[in-house]
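Have a look at the structure first.

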Amino acid sequence: MIIASPSAQSSTSRWIIALDTGGTFTDVVAITPTGEVRRVKVPSDGSLSASVDECVAADVRMTPAAQLVFPDGFLDGWLLTALDSLGIELRATIVRQQGHSLTLSSPLALAAGCALRFTHVASTLDAPRLALHILTATALDKPLPPLEVRLSTTRGTNALLEGRGARVGVLVSAGLEGVVDIGDQTRRELFARVPAPREPIAAAVVALDERMTARGELLREANDEGVREAAAQLVRDGCDSIVVSLAHAIADPSREESISRMLNAHGLHAISAVSVAPHPRLLTRTETACVHARIEPILNAFVTDATRSAVNARAFVFTSAGALHHADRFLARDTLMSGPAGGAGAVSAIARRHGLAKVVGFDMGGTSSDVTRACDGEVALRAESRVARATVAAPSRAIDSVAAGGGSMCRVRDGVCEVGPDSAGANPGPACYGRGGPLTISDVNLLAGRFVSGFLSMALDARPARELVTQHARACGTTELALIEAFLDIANARMALAIENLCVRDGVDTEG
């Protein structure tokens with residue numbers, strides 16, 4: 001996401017803020033009303049990190065991660081956790097925080113360099129709002145100053161991949177009850193002897209005794225009582241949201257829309273599939289509407305919570321196609337690639353600035369790595385994209401992702417080194433976060449000496465990472481250095497292959 005230069009914004013009384021929340025970190029760049037540029041990076045689970053400089057009983061001197069600056073009293077009442085040399089978790093409440101000095105509720109034995117984690121007592125404190133309060137040096141119980149915030153996130157995508165979100169029920173025309181389960185017959189493992197069933201995108205499907213022709217003529221119409229009973233069955237099945245997706249509704253969407261309005265009038269949350277995805281294929285618009293309904297509460301909460309404590313806020317959401325939509329008018333299905341789309345936009349902007357005709361962009365995050373390609377300063381758009389097991393009919397920048405990020409887990413199974421696709425996420429995160437996490441790519445990069453010092457996003461402790469590498473090396477009968485190099489080779493090969501596939505698939509000569 002690109003924001004205007006400081007000189008262009010110095011005359012405004014608002015903060016101009018760009019915020020991106022991923023599965024591991026939340027990054028914020030802001031231009032203050034005086035034209036100063038500020039940056040903040042915090043874990044996406046709403047915690048904060050620091051390392052111990054000195055600890056004497058209940059008095060701790062710390063260094064916050066990522067060069068964060070806390071106003072005096074900002075951490076008062078927060079919970080501090082740390083692991084001692086034996087891996088035992090130590091806890092205490094912060095009674096008083098002044099600068100980098102902490103007074104704890106009870107004495108702790110913390111060695112210099114020990115990683116600290118701070119968590120707020122209120123579980124409702126979300127990372128974006130926390131980052132905004134730190135950035136503007138505003139106490140959590142005080143309102144944020146006037147601001148214009150531009151939001152991007154992969155929370156919708158992460159929710160789909162992790163099976164979270166609203167439970168969605170679908171009302172379909174009679175005879176099409178299997179449309180969601182059957183799908184397009186795409187199988188994850190094409191040559192598996194016993195194919196694994198696909199995860200359903202909808203929790204339940206109920207048929208309506210209704211049918212429309214391809215010309216939009218209503219052959220058979222379900223009565224209101226039948227519609228209400230079908231919706232009641234979905235509610236009994238535990239559905240939070242209802243998608244109305246009828247055969248040939250693209251020819252005349254009025255029937256779908258009227259059913260949706262009637263259900264909404266009865267206190268249910270219902271949407272018309274055509275209104276979300278006016279696509280000619282029934283399956284595509286049904287899956288798109290289901291994805292939208294499933295992640296809509298998550299995206300609405302994300303946008304609302306980020307700015308709810310601001311005195312006067314204007315909020316915009318960055319879409320998968322690289323456009324800014326006002327927060328009151330965005331559609332959840334347009335945000336699935338909003339985070340990576342910002343990186344793709346930066347790649348195209350840099351390419352134009354330097355007159356580069358062909359550019360490959362690479363963005364390594366905590367969970368995955370994204371690759372894109374810009375030709376003549378522009379990144380191509382896609383009309384459809386595949387997320388989890390669903391096809392989503394929404395414009396997006398052409399971005400390919402591979403499961404190789406900083407949080408990708410490294411393990412040895414039957415003597416074979418494996419990297420990913422599972423990720424340690426923000427909590428517990430990699431082993432070097434000091435939260436009892438697994439060995440990850442971030443850990444092996446740290447042990448290989450490949451981290452750039454000066455702006456570490458977390459307070460890192462190499463000891464638990466080294467212990468896990470030692471255990472894995474002994475298990476497979478190799479040296480620690482050889483194991484580290486093996487994990488890095490696997491991750492690098494996977495990321496390089498993603499770049500190669502992106503170019504070869506479309507017949508692009510990167511050297512021409």
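## Around L110 and the cores

Leave out the neighbours within four places in sequence, and L110 is in contact with V52, C55, V60, A82, L90 and L116. This is a predicted model, and in it L110 belongs to the largest nonpolar core, which has 77 residues. Together with L48, L75, L116 and F118, L110 is one of the residues that touch the most other members of that core. As for who supplies it, helix α8 (residues 282–307) gives the largest share, 11 residues.

## Two helices crossing

Now for α11 (residues 462–476) and α12 (residues 480–505): their axes sit 9 Å apart and the helices pack at an angle of about 100 degrees. Angles of 65 to 115 degrees count as roughly perpendicular, so α11 is roughly perpendicular to α12.

On the α11 side, the contact is made by R466, V469, T470, H472, A473 and C476. They meet E480, L483 and I484 from α12. Sorted by class, that contact has 5 nonpolar, 2 polar and 2 charged residues.

S385 is placed in strand β23 (residues 385–387). Is it buried or exposed? Buried means under 20% relative accessible area, and S385 counts as buried because its relative accessibility is 16%. Setting aside residues up to four places away in sequence, S385 touches A390, T391, V392 and S396.

S423 lies in strand β28 (residues 416–423). With a relative accessible area of 23%, S423 is partly exposed. Its contacts, again not counting residues up to four places away in sequence, are G366, T367, G407, S408 and M409. S423 and T440 are 17 residues apart along the chain, and their C-alpha atoms are separated by 8.0 Å.

The protein has a mean pLDDT of 86, with 95% of its residues at 70 or more. Confidence is highest in strand β15 (residues 241–245), at a mean of 95, and lowest in helix α1 (residues 6–9), at 42.

Which stretch stays under 50? That would be residues 4–11, for which the model has 13 contacts beyond four places in sequence. Where pLDDT is low, the predicted coordinates should not be read in detail.

Notes:
Residues are numbered from 1 along each chain as its sequence is written. This is a predicted model: local features need pLDDT of at least 70, side-chain atom pairs count only at pLDDT 80 or more; totals for chains, interfaces and linings use all residues. Side-chain values use heavy atoms; hydrogens and water are left out. Axes are lines fitted to C-alpha atoms, for helices over the stretch in contact, and angles run from 0 to 180 degrees between N-to-C directions. Helices (H or I, at least four residues) and strands (E, at least two) are DSSP runs, numbered from the N terminus. Angles under 35 degrees count as roughly parallel, over 145 as roughly antiparallel, 65 to 115 as roughly perpendicular and the rest as oblique. Contact means heavy atoms within 4.5 Å. Ala, Val, Leu, Ile, Met, Phe, Trp, Tyr, Cys and Pro count as nonpolar, Asp, Glu, Lys and Arg as charged, and the others, Gly among them, as polar. Buried means under 20% relative accessible area, exposed over 50%, partly exposed in between (1.4 Å probe, protein chains only). A nonpolar core is a set of buried Ala, Val, Leu, Ile, Met, Phe, Trp, Tyr and Cys residues joined through side-chain atoms within 4.5 Å. pLDDT is the predictor's confidence in each residue, from 0 to 100.
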